[in-house]
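This briefing goes through selected local features of one protein model with its ligand. Please keep the sequence and the structure in view while reading.

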Amino acid sequence: MCGIIGYIGKKNAIDIILTGLKRMEYRGYDSTGIAVLQNGEFTVRKRRGKVAELEEIINLDHLVSTCGLGHTRWATHGQPNDINAHPHIDTNGEVVVIHNGIIENYDSLKRDLKSKGHVFRSETDTEVVAHLIESIHKDHPDRNLDEIVAIMLGEIVGTYGLVIMATWDADKIVVARKGSPMILGIGEGEYFAVSDASAIIEHTRDVVYLNDGEMAVLTRTGYSVRDMKNKALDAEIDRITYDLDQIEKGGFPHFMLKEIFEQPESIFNSMRGRIDYETLSVRLGGISTHLGRLLRARRIIIAACGTSWHAGLVGEYLLEEYAKIPVEVEYASEFRYRQPIIYPDDVVIVISQSGETADTLAAAREAKSKGALVVGIVNVVGSTIARETDCGVYIHAGPEIGVASTKAFTAQVTVLAQLALMLGVYTGLDINKRRAFVDALKTIPDLVRRTLELNPEIEAVARTFYQSTNFLYLGRGYNFPVALEGALKLKEISYIHAEGYPAAEMKHGPIALIDENMPVVFVAIQDSTYHKVISNIEEVRARKGRVIVIANEGDEYIDKLAEFVIKIPVTIEPLTPLLTSIPLQLLSYHIAVLRNCNVDQPRNLAKSVTVE
Ligand code: AGP
């Protein structure tokens, strides 16, 4: 949530900041702003809307500066408008602040500062930081900006990625991190502070991931990482490995469509070098040293949010069937607050595409504090969850920019399938079942490629139903989570109300919704639940519901039961979610396009949810 960039160096800061903000716009896109230092004073430009709109007004200004900061906002406190957009300034415009997170005690601090004569302009929690710095500076005029920020951090409570500048200690950027991502970019004679490394990869690939509770100071001649008391720390430099074309649309009209079509490669990459096709075993390097503890687990708890939670549900089926270890799947947001009973011999797996989701991170910390082994299944390399968990597996799906998660879901499921197999080898998994599983995994990228060829058919279904106001998604077994995921995809990008249910639950309530206007999307693969799902289809037909079915190639019986049938290739039952989820991703994509929705940046959402 919120994209942050600070720059100090020799180049034109405005271009660097605006390009970086466009790259990070998926993180938050309701308003945007920049501040640059010119002749010892800040010029601040900010407004509601997209970076491109901000750019138009900035182009008229002919600003020149080699030091500044910029922000794209996802509103928490105060509506998205020009005034609440970041940066925020102190009374005299001598301090500028951008922030990702929430200052929880802002109200009491604001009251106190107001009583001392500070005049606030916005409704945000962030503005309090600028005034607090101003106030501390008044009391300690001899101290420099980093010393004052260190004092200020002792007074605020909450989460933050902060980038701060002041005219009275110019040519310096001070950043601080607690609970929100912050990465330093180390260039040649130029330094960056960003919430997402994609913002700066054409300038440098050398980065320092700040840890929670760390600050950093950037000047024109170098950088230093400090603790919150401003004491110098050693910092390790990491290298970004992905390329610019991976974070661009590459000829597709939307990132979401590009990412859907990348799935043959992203699934392949999530398996690359991990499966031994001769011994029929899996090696997940990041967790192999913890194998004993995984195998001794009394149970596995999976905690995640949204799409990652749906992948976790598929993981529950996979791990119980193949590894024979009991699994519970929890919403991370509930798990962290309901005082869960966690034993030291539990294993908690947290799943997150971004690796920054606040609730998932808190669940990981809670489990760690109670002595469980915490395993991360994460996409973004170097993200907080990846670094804070005891061990983990990267899904290697590559950067996912579309707010609606697609390729991360299938890569997460592929990793969970490999984990189930890796453990199953030691828990008595039958050799024939192992062989069938490994053989099927090998063919999945090709089957995904074939499933994607159904795109024109799916677009035709979308054209029929895009004006519907409700949708129901039903599936069973391994495809129950797929039904949930299909409904989530549709509602988040097309704003159509959609519900996912286990098909058998329909008769316990949702069946009351069925009439001639209700499209019902069934996943009816020829698996162990096929005949039961067919009965559910009949029940919907009997009430005049409009039936769309995701079925298997070769299933002719289904043709007479549905208005539309999308036929996907056959694979073994546990891997069907890797194929059945794809037509549902495409269906929501096309419906959203037909409804003129902003597919990649749907209203009210942000890609990584770093606040509670
Ligand atoms: C998915 O389409 C959503 N945008 C959302 O539910 C997402 O999956 C959720 O916020 C979890 O994010 P994470 O995987 O980055 O932790």
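Where does N604 lie? N604 is found in the segment that follows helix 19 (577-594). The model is predicted.

**Backbone geometry**

- N604 is not a glycine, yet its phi is positive, near 70°.
- N604 has a relative accessible area of 63% and is exposed, because a residue counts as exposed when that value is over 50%.
- Q339 also has a positive phi, near 50°, and is likewise a residue other than glycine.
- The loop that holds Q339 runs between helix 11 (332-335) and strand 20 (346-352).
- With a relative accessibility of 68%, Q339 is classed as exposed.
- Between H86 and P87 the peptide bond is cis, and its omega is near 0°.
- P87 sits in the loop between strand 4 (67-73) and strand 5 (88-89).

- S195 belongs to the loop that links strand 10 (191-194) and strand 11 (206-209).
- Is S195 buried or exposed? Its relative accessibility is 3%, so S195 counts as buried, the limit being under 20%.
- The S195 side chain comes to 2.8 Å from the backbone nitrogen of I4.
- Beyond its neighbours within four places in sequence, S195 is in contact with C2, G3, I4, M24, R27, P181 and I183.

**Ligand surroundings**

- There are 15 residues around the ligand, and those that come nearest are S308, S352, S354, T357 and E492.
- In T357, an N or O atom of the side chain is 2.4 Å from an oxygen atom of the ligand.
- For S308, the distance between a side-chain N or O atom and a ligand oxygen atom is 2.6 Å.
- S352 places a polar side-chain atom 2.6 Å from an oxygen atom of the ligand.
- The ligand taken alone exposes 410 Å², of which the protein buries 90%.
- Helix 10 (306-323) and helix 17 (480-494) are the elements that contribute two or more residues to the shell around the ligand.
- Which classes make up the shell around the ligand? The shell has eight polar, five nonpolar and two charged residues.

How values were computed
Residues are numbered from 1 along each chain as its sequence is written. This is a predicted model: local features need pLDDT of at least 70, side-chain atom pairs count only at pLDDT 80 or more; totals for chains, interfaces and linings use all residues. Side-chain values use heavy atoms; hydrogens and water are left out. A residue is near a molecule or strand if one of its heavy atoms lies within 4 Å of it. A polar contact is a pair of N or O atoms within 3.5 Å; within protein, one must be able to donate a hydrogen and the other to accept it, and residues adjacent in sequence count only if both atoms are side-chain atoms. Accessible areas come from the Shrake-Rupley method with a 1.4 Å probe; for residues, only the protein chains shown count as cover. Helices (H or I, at least four residues) and strands (E, at least two) are DSSP runs, numbered from the N terminus. Ala, Val, Leu, Ile, Met, Phe, Trp, Tyr, Cys and Pro count as nonpolar, Asp, Glu, Lys and Arg as charged, and the others, Gly among them, as polar. Buried means under 20% relative accessible area, exposed over 50%, partly exposed in between (1.4 Å probe, protein chains only). Contact means heavy atoms within 4.5 Å.
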